[in-house]
Amino acid sequence: MSSEYQTTETLDVKGQSCPMPIVKTKQAIDDLEAGDVLEVVATDSGSISDIQGWADGTGGVELLDQVEDGDLYTHYVKKTE
Amino acid sequence: MSTDNPTTSADETDTEFDAAELQALRDRVEELEESMAAVDTGDEQKKMTIVATQGSFDMAYPPLILASTAAAFGWDVVVFHTFWGLDILHEEKSRDLKLSAVGNPNMPVPNAVAALPGMDAMATRMMQKKIDENGTATIEELIDLSLESGVDLQACQMTIELMDYDEDDFYDGVTTGVGAATALQHMAESDIQLLV
């Protein structure tokens, strides 16, 4: 799988650990418009489960995809409203 | 309804009765839908109250990590800091929180050695180094993040006075002048209550 999404912005949280990937994703999403897609690039292996949990428990966002490539975890989050 | 009186055959009476009852039912449904909508809104905004009582370097992390993450979920979060937990919000002291080497089963040295002068400082430095290498946020960063994202960090007034602290000693944005009753009120309204 590769990025087939029109990403509006990329958030680089490589080298940062919990809770930073989530907190920064939330802040980045807040700055976007409805319909925009945020690409989050992380090295925290917990980010797969954490971003899922956050997207599930948060209104107005949809997790489109998560791609694991070696030490890199890339998440695609859409702002829906 | 007509079943209330099966012997009545006068259609006109039944229709009138039904219309009034139907209207009453419609009103009732509308009323219930409105109250359901109110309940739904309440559900979306979860609330969490954490009581932070510990002021050691390691114990400062869990409440701050949970609070800042909960704020990222859009939750309404209060952290009530009391006793040693107050030091986390104390601008000067928060930069100098110590890890206790004594009585800490995770330390690689026996208690008799851990009790020697300088061991707490050494253990703290080791932990700080680890935190730095791992890309874990500092306590100050987590406090800033929490305040930025709307977490209500509260400093227990009784403990401020007990410890001879001044309200100006705390980070900007910290709530002072609150006590156990305020904490209890938030706990009662919360979906999640934690004592750390």
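Tutor: What follows describes the sheet of chain B, then the chain around it, and then the side of chain A that faces it. The model is predicted, and the account should be read with that in mind.

The sheet of chain B is open and has five strands, paired in parallel and arranged in the order β4-β3-β2-β1-β5. At its edges are β4 (175–178) and β5 (192–195) of chain B, each of which pairs on one side only. From one strand to the next, the twist averages 20°. As for what holds such an arrangement together, strands of a sheet pair through backbone hydrogen bonds, in either a parallel or an antiparallel manner.

One pairing can be followed in more detail. Strand β2 (residues 76–81) of chain B runs parallel to strand β3 (residues 152–156) of chain B, and four bridges join the two. Within this pairing, B:F80 has B:Q154 in β3(B) as its bridge partner. Helix α7 (residues 180–189) of chain B packs on the sheet, where it touches β1 (47–52), β2, β4 and β5 of chain B. The direction of α7 makes about 140° with that of β1(B).

Now the chain as a whole. Chain B contains seven helices and five strands. Read from the N terminus, its elements follow the pattern α-β-α-β-α-α-α-β-α-β-α-β. Chain B has 196 residues, of which 27% count as buried. If one takes the contacts in chain B between residues at least 6 apart in sequence, 69% of them join residues at least 24 apart.

Chain B also has a neighbour. In the contact between the two chains, 13 residues of chain A meet 13 residues of chain B. On the chain A side, the elements giving two or more residues are α1 and α2 (47–57) of chain A. The largest share, four residues, comes from α1(A). By type, the chain A residues on this side divide into six nonpolar, six polar and one charged.

Helix α1 of chain A spans residues 20–30, and A:D30 lies in it. Is A:D30 buried or exposed? A:D30 is exposed, because 12 other C-beta atoms lie within 10 Å, and a residue counts as exposed at 12 or fewer. A:D30 and A:V61 are 31 residues apart along the chain, and their C-alpha atoms are separated by 10 Å.

Methods. Residues numbered from 1 in each chain as written. Chains lettered and ligands numbered in written order. Predicted model: local features only at pLDDT ≥ 70, side-chain atom pairs only at ≥ 80, totals over all residues. Buried ≥ 20, exposed ≤ 12 C-beta atoms within 10 Å, placed from the backbone. Contact = placed C-beta atoms within 7 Å. Pairing = 2+ DSSP bridges. Axes fitted to C-alpha atoms, helices over the stretch in contact; angles between N-to-C directions. Nonpolar A, V, L, I, M, F, W, Y, C, P; charged D, E, K, R; others polar.
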